[in-house]
Amino acid sequence: MRILITGGTGAIGSLTTRKLIDDGHEVVLYDVAADRRFLGALDDVTLIEGDVLAGSELRAAAEGADVLVHLAYSLGEATNLRPAEASELNVMGTVNAFEAARAAGVPRLVTSSSVAIYGADARYPAADLPLREDAAPLIADGMPLYGAGKLYLEKLADRYREQFGVLGLGLRPSPVYGLGGRRGVSGWLAGIVESAVREGAAVIDKDIHNLSLVYVDDVATQFAALATIPAERIQTRYFFNTGGSLTSMREFARTLELIAPGCTVTVEGPSLPDLAGLPGSVDDAAISALVGPRTFDLESGLRHWVASLPAQ
């Protein structure tokens, strides 16, 4: 299969690329950043420098593709700080991706929604936890534009699937941790881990009690699977929770200290019940049944991340 990935040089896109190439697929990356840092030895992968807001360029890149994987987004914090620019990227960039798939005859588009379409655990009856994909989309209080934009793109996928025959599907990732995180929660966690391992000490400035974290490798595995799974296996559900480890920042700190002996990780700052209104208890049974269970819990994910850090 020939697979075009927008935002393909980021942490998730790069790992997804490696998995797809290892499985024998041809991958073309389309990215405004054109950054090869996380591509490693994949020097022969085709990389097109382009903006998803340039609709005609994206349509040209999509010609001949069997699948379009759309990962070019502004994250939650940036969406709050720069609402106009971030909304243009998240909403119109996704519209352009679907239009490119439709115009170029690409039969499948895989994209990233978010658990930000839900609310915090405390907003749901106890019987609804962990949250399944049919839980009410209450939109995370701390990421209203981001969460609402993700819910819109799911509705957009419904329209292109029903009206134009483009199979739109995707994931609702929990906050992602792992090598390559540069922005948002991923970048914040990367700063903590790299400081703990390389400097022997780190400070976590938010005492968050309840959050779900998913390892980047698991998310990439799920994206690669959704890009290539036979269409007949997709029945009535099109967007899936990635799942994640239910944890707190104090547990994160203790686990990191266990993995990197001699380091000290201190939790300070305000005591918060959740991260920006995101849910902590998220069910991943649907994606596990479709493509297999996640490989990494919090400890094994952190161990893999620390072992993967490049030497200074």
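Rings of Phe, Tyr and Trp (its six-membered ring) pair if their centres lie within 6.5 Å; planes under 30 degrees apart count as stacked, over 60 as edge-to-face and the rest as tilted. This is a predicted model, in which local features need pLDDT of at least 70 and side-chain atom pairs count only at pLDDT 80 or more, while totals for chains, interfaces and linings use all residues. Numbering starts from 1 along each chain as its sequence is written, and side-chain values use heavy atoms, without hydrogens and water.

**View 1. Aromatic pairs.** The structure holds five aromatic pairs. In one of them, the ring centres of Tyr177 and Trp305 are 6.2 Å apart and the planes lie at 45°, so the pair is tilted. Tyr177 belongs to strand S7 (residues 176–177) and Trp305 to helix H10 (residues 298–308), 128 residues apart. Helices (H or I, at least four residues) and strands (E, at least two) are DSSP runs, numbered from the N terminus. Ring pairs join Tyr177, Tyr215, Phe296 and Trp305 into a cluster.

View 2. Tyr177 is buried, at 1% relative accessible area. Trp305 is buried too, at 0%. Buried means under 20% relative accessible area, exposed over 50%, partly exposed in between (1.4 Å probe, protein chains only).

**View 3. Surroundings of Met249.** Met249 touches residues including Trp188, Leu189, Lys206 and Val267, leaving aside residues up to four places away in sequence. Contact means heavy atoms within 4.5 Å.

**View 4. Lysines over rings.** Lys150 lies over the face of Tyr73, 3.3 Å from the ring centre. Lys206 lies over the face of Trp188, at 4.8 Å. The criterion is NZ of Lys or CZ of Arg within 6 Å of the ring centre and within 35 degrees of the ring normal.
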